[in-house]
Amino acid sequence: MQVRALKSGCVPIYNNLFLAPMAGFTDYAFRSVITPMSVGLAFTELTSAKGLYYGGKNNEKLLKTDDYDRTAAQIFGREPYFMRWACESEYLKYYKIVDINMGCPVPKIVKNGEGSALLADIKLAESIIKECVKSGKVITVKIRSGIKAGDDIAAEFAKMAEGAGASLITVHGRVREAYYSGEVDFNAIARAKRAVNIPVIANGGIFTEKDADIMMERTGADGVMIARGAIANPFIFSEISGEEITGDITTVKDFAIQHLKKEAEMSGDKRAAIEFRKFVNYYFKRVENSKTYRAEIMQSVSAEETERLLRKYL
Ligand SMILES: Cc1cc2nc3c(=O)[nH]c(=O)nc-3n(C[C@H](O)[C@H](O)[C@H](O)COP(=O)(O)O)c2cc1C
């Protein structure tokens, strides 16, 4: 695919390869190690606007970054007031780009009318975007191609979002019912791309450079967003861009150890070992017969011990 710089509103974006928001995964530790490896824009985990308003205890942690040029904050909620408040809050003070989640399929979010529930209420979605735009932040929106099989609302939604003042839109080419599996609807993304003049980023099912090429070819999108493929292979962005990565990280083992160290700096030795467990299966994907190694790492209760095991087995 053609890798190039982009603009979201007036904000320049380093390149058109985006690291997707992933709750529980794209925390500061993971982002800070992967972003310099040719990621154009990374997203925080989804963060509740209402949670920010009421001062939830994890807010600072969820929104921590030291790279405001290459990180967007993602927020979710259904009340335009709280959403704008969040954009204008101290929490997001240094963020230039704020992304609105309109795609999350998780029942506890949908049942509150948030995330992908907004796909069924285009008027409310429009009010939320308009209100957030008034904050002066550059607003982007992440949607899905629909709610149930056969839906294709991405073009209509993209048009609405552009009219409401959004500067970029990401389309995950799967409907809510599909969660994270099944075919990606390239046509829905392509129609959204053709419907608007703002950049459209295509998301879903990209695990290799070839997948990115196919996605770009089939959709005509301006860039790609990668979620699970980036955990399975943190080098996917530099493989696509061809950018030479300077520094000490040349293998998955190096990456995993740096990631663990960052996690330990952020959360402490014990917590880091626990947080790290969910990444272990991804990092060991290419290691044959790794079941017992992975099981041993899963038992580790300190980052120091986890590091020792990573050095031994990965
Ligand atoms: C564990 C997990 C957590 C996710 N959390 C978020 C999130 O916080 N916000 C969001 O917009 N999408 C979230 N997603 C969806 C991804 O951003 C992405 O749209 C989806 O995984 C499809 O991309 P992929 O096929 O490259 O994985 C999450 C996905 C996964 C697997």
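**View 1. Domain 1 and domain 2 bury about 1600 Å² between them, with 75% of this area on carbon and sulfur atoms.** Buried area is the accessible area (1.4 Å probe) that two parts lose on being put together, summed over both. Phe-25, Val-33 and Lys-61 supply 29% of the area that domain 1 buries against domain 2, more than any other three residues. The model is predicted: local features need pLDDT of at least 70, side-chain atom pairs count only at pLDDT 80 or more, and totals for chains, interfaces and linings use all residues. Residues are numbered from 1 along each chain as its sequence is written, and side-chain values use heavy atoms, with hydrogens and water left out.

**View 2. The protein chain is assigned domain 1 (6-241) and domain 2 (252-313).** These bounds come from an automatic or database domain assignment. The C-alpha centres of domain 1 and domain 2 lie 28 Å apart. To the contact (heavy atoms within 4.5 Å), domain 1 contributes 17 residues and domain 2 contributes 14 residues.

**View 3. Across the interface of domain 1 and domain 2, 1 residue pair is in polar contact, both residues being at pLDDT 80 or more.** A polar contact is a pair of N or O atoms within 3.5 Å; within protein, one must be able to donate a hydrogen and the other to accept it, and residues adjacent in sequence count only if both atoms are side-chain atoms. Helix H1 (28-34) and helix H10 (228-232) each supply at least two residues of the side of domain 1 that touches domain 2. The largest share of that side, 6 residues, comes from H1. Helices are DSSP runs (H or I, at least four residues), numbered from the N terminus.
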